[in-house]
Amino acid sequence: RELPMKKIFAIIMTICLMASALCVTAFAADEPAAGVVLTVGALKEEDGSLVVISDYDNFEDGWNFAMEKAIDYEYLEDRDYVRIVVDLLTDWNANAEGEFGDSDGVGFRQSTIYVPDSARVMLNMNGHTIDRGLGDNNELDGEVICIEEDSDVIINGGKNGDEIARADDTGATFGTITGGNNDGGAGGIHIQDDAKVTLNNVKIMNNVADGDYGAGIAVYDDAKFTMNGGGFINNKNNSFTATSFGIYALGGGIYIEDSTASFDNVLFEGNQFTYDSGSGAALYAYDSSVTMNKCKVVGNGKKKEADGTVGARSIITIEDGEMFIKETDFIGNGDVAEFPGEETCLIDVDTYIGSSQISIDNCTFTQNNVGYIIDCVNQDITVTRSRFTDNKSNVLHCSSDTKTIFTDCVLNNNIGTLSDSNYTINVDFEGDGPTFVNCNMGNSTYNDRNRVQIKNGGTGSIFGEGSFPMIIALLSLIASGVAIFLVVYYNKKKAVPAIANNAAETTDEE
């Protein structure tokens with residue numbers, strides 16, 4: 001017998017309702033209970049799946065438990081766990097005294113969030129903020145997070161596996177680390193020896209180093225630091241420095257020493273010095289290898305009286321190391337008015353006891369306001385397919401023998417303000433200077449054209465270059481050309497009547 005349609009419909013509805021109830025029950029079982037602020041889990045080595053271990057309604061207890069397990073290799077190996085995973089379910093704010101937790105716990109030191117030696121941790125911020133809230137109240141060990149030596153740490157601003165996005169992408173999810181103010185440098189994150197740290201979609205924002213290195217992050221001694229997406233925003237280095245001895249604070253956004261660092265799709269914006277100028281408003285690297293790819297560097301090293309900030313002596317400095325910059329935009333950095341007549345720079349390639357090299361490919365430099373875009377001392381510099389236009393800056397200063405080659409670049413309308421050496425290209429030594437291959441030199445000028453090699457059709461201005469012999473030689477060449485033309489012209493005019501007369505005599509004889 002066939003069932004009536006009403007009964008069939010009733011059976012279907014009942015099945016759907018039961019399935020819905022089961023789904024809701026299952027979903028509720030996976031959701032943390034009300035009041036939970038942090039969950040602790042682990043990643044399985046075999047398939048990368050997440051195992052939830054426990055939920056916590058207290059940040060301090062949850063973080064201490066997580067760090068205990070993250071350094072317990074027997075616990076991890078027995079369960080086939082790769083690393084401990086911590087998920088934030090709400091913002092994590094320090095108390096009114098700027099304390100995150102009891103220093104007696106394994107997860108805290110000097111009230112700082114602490115990742116102990118050799119821990120294996122993943123922190124998923126899920127779009128939340130970790131805020132120490134120190135503001136202008138500096139403290140010794142006043143960073144937000146301290147990552148100890150040999151640790152392996154991944155911090156995801158959203159969740160694990162999110163698409164990478166730069167900090168100015170309004171459609172992405174970011175976690176924010178803020179409110180640190182450290183007398184010992186590293187206002188946001190302090191990364192110790194041999195640690196391996198990766199940040200994905202994290203904003204390092206509004207942190208302070210008080211008279212030391214690295215307002216946003218400081219990286220030391222063979223550490224490996226990788227930053228994908230996110231950015232360094234409005235960090236300040238309170239730079240009380242002995243400027244009379246040429247000693248300056250280093251690193252407004254990040255300071256890197258004897259380490260390897262990689263930045264992919266990262267924003268460096270509004271990182272500044274206060275009180276006294278410093279070097280590396282966005283980034284300072286010493287004895288390190290640094291890679292920047294598809295980044296944006298904007299508005300760093302600016303003087304703003306309302307914010308108490310001053311100009312920077314450099315925006316990026318690489319000293320005794322190597323740097324590779326690709327597809328990165330440098331816009332509106334520096335404030336040369338802070339240093340009348342002095343040679344500040346956007347990128348400072350320097351050496352102390354070793355040597356440095358830098359490669360720049362397919363980058364754009366515009367609206368910057370420094371003495372020179374690139375300042376180098378006895379270093380190797382390669383610049384390809386890059387554009388230097390509309391800067392209130394000169395482009396290149398070489399103060400000693402340098403292997404500098406620009407290829408397929410554009411230089412135009414870079415109008416500097418230096419009083420004694422205001423040339424687009426300034427070479428302060430005898431001998432072979434920089435080489436420009438297949439470059440459009442626009443209205444560039446030179447302090448001495450004889451020290452600059454321009455090959456394969458590069459064009460530029462020589463009347464403003466400060467090379468009087470070259471101008472005289474050119475005028476002599478033009479005059480010689482005119483004289484030769486006139487001689488040929490008049491000889492031709494004399495030849496025409498002679499030919500005509502010869503023709504007429506021949507006719508008469510016939």
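I began with Thr366, whose contacts (heavy atoms within 4.5 Å), leaving aside residues up to four places away in sequence, are Phe330, Ile331, Gly332, Thr389, Asp390 and Asn391. I noted that Thr366 belongs to strand β35, residues 364–366, where strands are DSSP runs of E of at least two residues, numbered from the N terminus. Thr366 is buried at a relative accessible area of 14%, the term meaning under 20%, with exposed over 50% and partly exposed in between, for a 1.4 Å probe and protein chains only.

I kept in mind that this is a predicted model, in which local features need pLDDT of at least 70 and side-chain atom pairs count only at pLDDT 80 or more, while totals for chains, interfaces and linings use all residues. Residues are numbered from 1 along each chain as its sequence is written, and side-chain values use heavy atoms, with hydrogens and water left out.

Next I looked up the cysteines, taking a disulfide as a pair of cysteine sulfur atoms within 2.5 Å, and the count came to zero. Cys398 is in no disulfide, and its nearest cysteine sulfur, that of Cys376, is 3.5 Å away. I found Cys398 buried, with a relative accessible area of 0%, and Cys146 counts as buried too, at 1%.

I then searched the whole structure for aromatic pairs and got 17; rings of Phe, Tyr and Trp (its six-membered ring) pair if their centres lie within 6.5 Å, with planes under 30 degrees apart counted as stacked, over 60 as edge-to-face and the rest as tilted. Tyr255 and Tyr284 make a stacked pair, at 5.9 Å centre to centre and 20 degrees between the planes. Tyr255 lies in strand β22 (residues 254–257) and Tyr284 in strand β26 (residues 278–286), so this pair ties together parts 29 residues apart in sequence. Tyr255 is buried at 3%, and Tyr284 is buried at 7%. I also recorded a cluster in which ring pairs link Phe59, Trp63, Trp92, Phe100 and Phe108.

For charges over rings, I required NZ of Lys or CZ of Arg within 6 Å of the ring centre and within 35 degrees of the ring normal. The charged end of Lys69 sits over the ring of Tyr75, 4.5 Å from its centre, and that of Arg449 sits over the ring of Tyr446, 5.8 Å from its centre.

Last, I traced an open sheet of five strands with mixed pairing, in the order β12-β16-β20-β25-β29, where two strands pair if DSSP finds at least two bridges between them. β12 (181–182) and β29 (309–310) stand at the edges with a single partner strand each, so one side of each has no neighbour in the sheet. I saw that β12 pairs with β16 (residues 208–210) in the parallel sense over two bridges, and that Asn182 stands opposite Ala209 in β16.

How values were computed:
Helices (H or I, at least four residues) and strands (E, at least two) are DSSP runs, numbered from the N terminus.
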